[in-house]
Amino acid sequence: MKLFTKPGCEKCDWVKANLPEGVTVAMHDILTADGLAELAFHELVSIAEKQLPILRLRGGEIVTGAIQIRKELAATL
C-alpha cells in the first residue's frame with residue numbers, strides 16, 4: 001500500500017499519526033521528486049490536485065479522505 005501526502009496537510013498528518021499498529025504503508029511526500037514521480041506513475045496527479053491524502057491499495061484501488069483511509073487501513077489487520 002502507498003500513502004501519498006504533503007507537508008502542512010492536516011488530514012495527511014492525522015492519518016500518519018493514526019496508522020493502525022502493525023500496518024505497513026509506503027509513504028510518499030508529493031512535494032519531493034520521488035513522491036511526485038510515484039504519484040504520476042500511478043496516474044494520481046489529478047486526484048492529488050483536489051484531495052489529499054491518497055491511499056493506493058495493493059490491488060490498485062484508490063481511497064481518499066482521512067477517515068476513510070483510516071477505516072481501510074484498520075480493516076487490513
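User: Which residues of H2 are buried?

Analyst: The model is a predicted one. Buried here means under 20% relative accessible area. In H2, the residues that count as buried are Gly35, Glu38 and Leu39.

User: Within what arc do the buried residues of H2 fall, seen down its axis?

Analyst: The buried residues in question are Gly35, Glu38 and Leu39. They line one face of the helix, because seen down the axis of H2 they fall within an arc of 100 degrees.

User: Which residues on the other side of H2 are exposed?

Analyst: Exposed requires over 50% relative accessible area. On the other side of H2, the residues that are exposed are Ala33, Asp34 and Phe41.

User: What do the buried residues of H2 pack against?

Analyst: Glu38 is one of the buried residues of H2. Not counting residues up to four places away in sequence, Glu38 touches Lys2, Phe4 and His28. The buried residues of H2 pack against strand S1 (2-5), strand S2 (26-29), H3 and S3.

User: Which side chain makes a polar contact with the side chain of Glu38, and at what distance?

Analyst: Glu38 is found in helix H2. His42 is placed in the loop between helix H2 (33-41) and helix H3 (45-48). The partner of the Glu38 side chain is that of His42, at 2.9 Å.

User: Is His42 buried or exposed?

Analyst: Leaving aside its neighbours within four places in sequence, His42 is in contact with Lys2, Phe4 and Arg56. The cut-off for buried is under 20% relative accessible area. His42 has a relative accessible area of 14%, so His42 is buried.

User: What is phi of Glu43?

Analyst: Glu43 sits in the loop between H2 and H3. At 68% relative accessibility, it counts as exposed. Most residues other than glycine have a negative phi. Glu43 is a residue other than glycine with a positive phi, near 55 degrees.

User: Which peptide bond is cis, with omega near 0 degrees?

Analyst: Most peptide bonds are trans. Pro53 is found in the loop between H3 and strand S3 (54-56). The cis bond, with omega near 0 degrees, runs from Leu52 to Pro53.

User: In which sense do S1 and S2 pair, and over how many bridges?

Analyst: S1, helix H1 (residues 10-17) and S2 make a right-handed β-α-β unit. Thr5 stands opposite Asp29 in S2. The pairing of S1 and S2 is in the parallel sense, over 4 bridges.

User: In S3, which residue is the bridge partner of Leu3?

Analyst: S1 and S3 pair in the antiparallel sense over 3 bridges. In S3, the bridge partner of Leu3 is Leu55.

User: Which residues does Val15 touch, not counting residues up to four places away in sequence?

Analyst: Val15 belongs to the largest nonpolar core. With residues up to four places away in sequence not counted, Val15 touches Leu3, Pro53, Ala66 and Ile69.

User: What is the relative accessible area of Leu73?

Analyst: Leu73 is found in helix H4. Not counting residues up to four places away in sequence, Leu73 touches Met1, Leu19, Pro20, Val23, Val25 and Leu55. Leu73 is buried, because its relative accessible area is 1%.

User: How far does the backbone oxygen of Asn18 lie from a polar atom of the side chain of Arg70?

Analyst: Arg70 is found in helix H4 and counts as partly exposed, at 29% relative accessibility. Leaving aside its neighbours within four places in sequence, Arg70 is in contact with Trp14, Asn18 and Pro20. From the backbone oxygen of Asn18 to a polar atom of the Arg70 side chain, the distance is 2.7 Å.

User: What separates the C-alpha atoms of Arg70 and Trp14?

Analyst: Trp14 is one of the residues in contact with Arg70. Arg70 and Trp14 are 56 residues apart along the chain. Their C-alpha atoms are separated by 9.4 Å.

How values were computed: Residues are numbered from 1 along each chain as its sequence is written. This is a predicted model: local features need pLDDT of at least 70, side-chain atom pairs count only at pLDDT 80 or more; totals for chains, interfaces and linings use all residues. Side-chain values use heavy atoms; hydrogens and water are left out. Helices (H or I, at least four residues) and strands (E, at least two) are DSSP runs, numbered from the N terminus. Buried means under 20% relative accessible area, exposed over 50%, partly exposed in between (1.4 Å probe, protein chains only). Contact means heavy atoms within 4.5 Å. A nonpolar core is a set of buried Ala, Val, Leu, Ile, Met, Phe, Trp, Tyr and Cys residues joined through side-chain atoms within 4.5 Å. The arc is that of the directions from the helix axis to the C-beta atoms. A polar contact is a pair of N or O atoms within 3.5 Å; within protein, one must be able to donate a hydrogen and the other to accept it, and residues adjacent in sequence count only if both atoms are side-chain atoms. Two strands pair if DSSP finds at least two bridges between them. A crossover is right-handed if, with the strands pointing away from the viewer, the path from the first strand over the helix to the second runs clockwise.
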